[in-house]
Amino acid sequence: NVMQQQNNALVKPLIKLGIKIMIASLLLSVVGCQQTHIEFTDLKEPSLPAFDQLKGAPSLAPLAITPANELVSKSLNSELTLYQLHNTLSGLNHLSLVAYSTAPMTNLDVIVQAFTEKKRWLAQQSPLACTESLCIRANMHSLTLSIDCPRSAEQASELLMQFWQADSFDNIDIANVRRQLKLAKHINAYSGAEIDAVWADKILGEQHIYNQALNNRDLADELDLPKLNQIREVIFAQSKWAILTNAQLAQDQQFIATVTQQFESLAVSAQGATMELESKPVINPTTPLSNSNKTLFIIDAPGSVQTQVRIGYPLNAADQDGNSIQNCKLLASWLGRSFSGRLYYDLREVRSLTYGIYGRCFDNPLSRTLKFYGSTKLEHSGAFIHGVLDHLALAAESKASLNEISALQTYLTSQEMLRQANYRAIEADTIKQLVRGISLSQKQAEHIRLNQLTASQLQQIAHSVFSKTPYIVIRGDRDKIEADLRLKLPDWELIEAQAN
């Protein structure tokens, strides 16, 4: 009995303690479920970076770009040209097979996914140890297959050609290609990448040829071997071709003869299998250069802890003048380069509204857009967007200092010098030149114009673009940020958007 009484004396307090813990847990869960009150950030006047001369710093001569030489090239036949790059620092033989076209490549996303599946299959089947280095790079007008091998250059080039052969997809898992294409939309929604699809729709127009050429949902559902072969055949037929390789291989006559024969055999088999496709008219509508209705498109993402922001302008892609292209790059770098760019300095370094905000000029044959992009916490949403708009207005109406102009010139000159020293960048620029036909004289004219840039010229360039109303697409929790957006951006109409 004594033992039982002692046990009861111990158990009762433990039971009471357990009940209290349960009650406390319930209360905490109820409090946690309530929406936390958000203190939104106030607006502030924009701050500009200072470019004062450092005391005691040595004087340096201005950077100068050494004019690039034309790449050595050799026409192997009417469709294929070999371009000679520098030898690689690694000593490996570098080979790139490039399909390029002035017209967009329709269903390029499908062929890239199929090539990715082909790459997995080859990695398991090919005796070449360097198969793992296979790389696939694509944009709307080119598709590049690259490989880096210590030896066996002829086998490596044959491996690249296999992707385009008539039986290329006979052994791949087409069901997995379908799954990956259908998963892409869900993955993009989860990761937040869907904002760039919506941005493309709004800044170019849903009927723009670039938007029509990708994300064919019906095709993703119905894709089979005949349809996949048809896509490959059409891209092959519309393309011109280039082999980019290091100097050692480019001067190897046996290799040149072998790769020429390989491509001619490929071209014969591809032409024999080509099927007629239904021709569709090219729809390339022009998006208004100004968002005159002040529409702010919002992708509602309940539960998101940050707001993604895209702000920018469609520019006149029909204007192929070198100055027009360079103007887009100047504005992107002036405001949108890291650290010394105006947006990064003010919105990150001074006000801590973001981890980073950047600007980029997207210059393609059928579109040109200027985009500023970044992410911010929910409580900074209105202040962040307003801060970007303030800087656009300020740049349009006032001149930069001479030191700021000098910093911009140094940045762009340094960037170009680094590209000239980077093997991959040289290759990428060469491919772009093949598509666009940009001459070296045009590049040299850009260098001269950059060195002679004045504050008045930069301000005039900014006014010609930033005096218009930009397009804005954001992604965030609408219920939590809408009131802040309406308060800080009262002239803007919020319209919900979603990826197709």
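**Close-up views of a predicted model**

**View 1. A disulfide joins Cys328 to Cys361, with an S to S distance of 2.1 Å.** The term disulfide is used here for a pair of cysteine sulfur atoms within 2.5 Å, and by this rule the count comes to two disulfides. This is a predicted model, in which local features need pLDDT of at least 70 and side-chain atom pairs count only at pLDDT 80 or more, while totals for chains, interfaces and linings use all residues. Residues are numbered from 1 along each chain as its sequence is written, and side-chain values use heavy atoms, with hydrogens and water left out. The link of Cys328 and Cys361 is right-handed, with 115° about the S-S bond. Cys328 lies in helix H11 (residues 322-336) and Cys361 in strand S9 (residues 357-364), so the pair ties together parts that are 33 residues apart in sequence. Helices (H or I, at least four residues) and strands (E, at least two) are DSSP runs, numbered from the N terminus. Both Cys328 and Cys361 are buried, where buried means under 20% relative accessible area, exposed means over 50%, and partly exposed lies in between (1.4 Å probe, protein chains only).

**View 2. A disulfide is formed by Cys130 and Cys149, whose sulfur atoms are 1.9 Å apart.** The pair links distant parts of the chain, 19 residues apart, with Cys130 in the loop between helix H2 (108-125) and strand S4 (135-139) and Cys149 in strand S5 (residues 142-149). The torsion about the S-S bond of Cys130 and Cys149 is about 75°, so the disulfide is right-handed. Both Cys130 and Cys149 are buried. When the bonded cysteines of the protein are numbered in sequence order, the pairing reads 1-2, 3-4. A further cysteine, Cys135, is partly exposed, with a relative accessible area of 31%.

**View 3. The second largest pocket holds about 620 Å³ of space.** Of the 19 residues that line the second largest pocket, the closest to its centre are Gln53, Leu60, Ser406, Ala407 and Thr410. Helix H14 (residues 402-420) gives the largest share of this lining, seven residues. The lining residues divide into ten nonpolar, eight polar and one charged. On a 1 Å grid over the protein atoms alone, a pocket is an open set of points where a 1.4 Å probe fits, with protein on both sides within 12 Å along at least five of seven lines, and lining residues have an atom within 4 Å of a point.  Grid points are joined across faces, edges and corners, and a volume is the space filled by probe spheres set on the points. Ala, Val, Leu, Ile, Met, Phe, Trp, Tyr, Cys and Pro count as nonpolar, Asp, Glu, Lys and Arg as charged, and the others, Gly among them, as polar.

**View 4. Glu45 is found in the loop between helix H1 (2-33) and strand S1 (72-75).** Glu45 is exposed, with a relative accessible area of 68%. The C-alpha atoms of Glu45 and Asp346 are separated by 9.7 Å, although these residues are 301 residues apart along the chain.

**View 5. Lys294, a residue other than glycine, has a positive phi, near 50°.** Most residues other than glycine have a negative phi. Lys294 lies in the loop between helix H10 (253-273) and strand S7 (295-300), and Lys294 is partly exposed, with a relative accessible area of 27%.

**View 6. Ser352, a residue other than glycine, has a positive phi, near 55°.** Ser352 lies in the loop between helix H12 (342-350) and S9, and Ser352 is exposed, with a relative accessible area of 52%.
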